[in-house]
Amino acid sequence: MNTAIYGLLFVVLAPLFGGLLAGVDRRVSARMQSRIGPPLLQPFYDVGKLLQKTTRQVNPVAGPLLLGHVVFMAATGALLLGGTDLIFVAFVFALAALFLVLAAGSANSPYSFTGAERELIVLLASEPFFILMMAGVCKVSGVSTFGDVLAYPQWVAPQLPGILIAFLIVATIKLRKSPFDISTSHHPHQELVSGLTTDMSGRLLAYVEVAHWYESAILCAFMVLLFNRSWPIGLVAFGIAYALEVLVDNSTSRAKWQLVLRSTWAATLVLCGGNVLALFVIGR
Amino acid sequence: MSLFSRSPWILHYDGSSCNGCDIEVLACLTPLYDVERFGVINTGNPKHADIFLVTGSVNERNIDIIQNLYNQMPEPKVVVAVGACACSGGIFARAYNIQGGIDKVIPVDVYVPGCAARPESIIDGVVQGIAALEEKRKKRAS
């Protein structure tokens, strides 16, 4: 029963964590550009304002789809902390992302549609990593739920160096950071207007933001999973990884989709595949 | 202070400006003025924007574009006309292809004078725009 409470706690607390993280991110980014930057709670002000704006739906199906996006993102975290099988969690995570693609594709704006296509490409690029990561963690620990991996008496991270490095590359996609933010086309670089979210306004855009907060919290939970013996060390590791992402975000320009797909797949195949293969070969 | 005044997102459109005002608008985003301190974001997407910042005057070619952008912005929204040209047509007012200021085609809430308008006065115009935005929100809520 205890694990179900952790799942519920995630649903309640993850948006607070993700929103604060986004606030810190914007402030740190501003400092890197010698600006002062917005208040720490700016992401919450933004979402609060979006909820007060008029919502215009180009296609009435976008609302339910985006609600599904938020619900399944929250469910991914809840299932992970609630003690569901790790591989299953990876698949629900992919499903949640798919809702966003469908919502963006449902609008007939070419920008939104191109954003949806690019999001499918980055999903294609990132998904194999999460499945291999879960497989690696399960292989090392011999158990397949979040709680059991955390209770496992040895560190899993030292046996998964390839997966740790590849995590940094895939997190760039999932955290929507340059050079891999090809689908969202964020504020300072707008070659696709706003990519995926071009046709989303008011409440719908607020859903996307909140879902992204959940997504950041899920990635943090994945990092804790890799540093299973001590969750504070997992949090610190996530903090370091996030700081690196912000640095890369501020110092690179957006890549083409071919480069995103090739580099992510190469990293997944060589680093993760090699890592998992080595575990099976040495483990025998 | 309501959430609208903490998070005004701006859409910037250049009508037939000489680019003087546009450079000053962009200067507001640089480290010297850093309007992101007040939650301002230059979105580039009318569907995300709260404040429509227009520089330059209206000509025959951009009437539809200005109206289209304005109509795509969800309520509540305000329009800030930046610079002499956007306010009245400026030195181009009597040119054969110029209609005049932005208020010829869409309702303008705040006029920011200047040729080119200084970043300080643009920021001041946006602040007044936020006050107008707040009024519109209250009117809508009641």
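The model is predicted.

Chain A is built from helices. Its secondary structure comes to 10 helices and 0 strands. From the N terminus on, the elements run α-α-α-α-α-α-α-α-α-α. The radius of gyration of chain A is 18 Å, close to the 19 Å that the globule rule gives for 284 residues, so chain A is as compact as a globular protein of that length. Along the principal axes, the C-alpha trace of chain A spans about 60 × 45 × 40 Å. Of the 284 residues in chain A, 51% are buried. Contacts in chain A were also sorted by sequence separation. Among those with a separation of 6 or more, 76% join residues 24 or more positions apart.

Two helices of chain A are taken as a packing example. Two packed helices are described by the angle between their axes and the distance between the axes. Helix H1 of chain A covers residues 2-32. Its axis and that of H2(A) come within 7 Å. The two axes cross at roughly 115°. On the H1(A) side, the residues in contact are A:Gly19, A:Ala22, A:Gly23 and A:Arg26. They meet A:Gln42, A:Pro43 and A:Phe44 in H2(A). By class, the residues of this contact divide into 3 nonpolar, 3 polar and 1 charged.

Chain A also touches chain B. The contact takes 25 residues from chain A and 19 residues from chain B. On the chain A side, the largest share comes from helix H2 (residues 42-52), with 6 residues. The side of chain A that touches chain B has 6 nonpolar, 13 polar and 6 charged residues.

In chain B, strand S3 spans residues 51-55 and is mostly covered. Of its 5 residues, 5 are buried. In a regular strand the side chains alternate between the two faces of the sheet. In S3(B), B:Ile51, B:Leu53 and B:Thr55 point one way. B:Phe52 and B:Val54 point the other way. Residues on both sides of S3(B) are buried.

S3(B) pairs with two strands, S1(B) and S5(B). Strand S1 of chain B (residues 9-14) runs parallel to S3(B), and 5 bridges join them. Here B:Tyr13 stands opposite B:Val54. Strand S5 of chain B (residues 78-82) also runs parallel to S3(B), again with 5 bridges. Within this pairing, B:Phe52 has B:Val79 as its bridge partner. B:Leu53 is partnered by B:Val80.

S5(B) is mostly covered too, with 5 of its 5 residues buried. B:Val78, B:Val80 and B:Val82 point one way from S5(B), while B:Val79 and B:Ala81 point the other way. S5(B) pairs in turn with strand S7 (residues 110-112) of chain B. This pairing is parallel and has 3 bridges. In it, B:Val82 stands opposite B:Val112. S5(B) is therefore bridged to S3(B) and to S7(B), under the criterion that two strands pair if DSSP finds at least two bridges between them.

Definitions and conventions
Residues numbered from 1 in each chain as written. Chains lettered and ligands numbered in written order. Predicted model: local features only at pLDDT ≥ 70, side-chain atom pairs only at ≥ 80, totals over all residues. Buried ≥ 20, exposed ≤ 12 C-beta atoms within 10 Å, placed from the backbone. Helix = DSSP H or I, 4+ residues; strand = E, 2+ residues; numbered from the N terminus. Rg over C-alpha atoms; globule rule 2.2 N^0.38 Å. Contact = placed C-beta atoms within 7 Å. Nonpolar A, V, L, I, M, F, W, Y, C, P; charged D, E, K, R; others polar. Axes fitted to C-alpha atoms, helices over the stretch in contact; angles between N-to-C directions.
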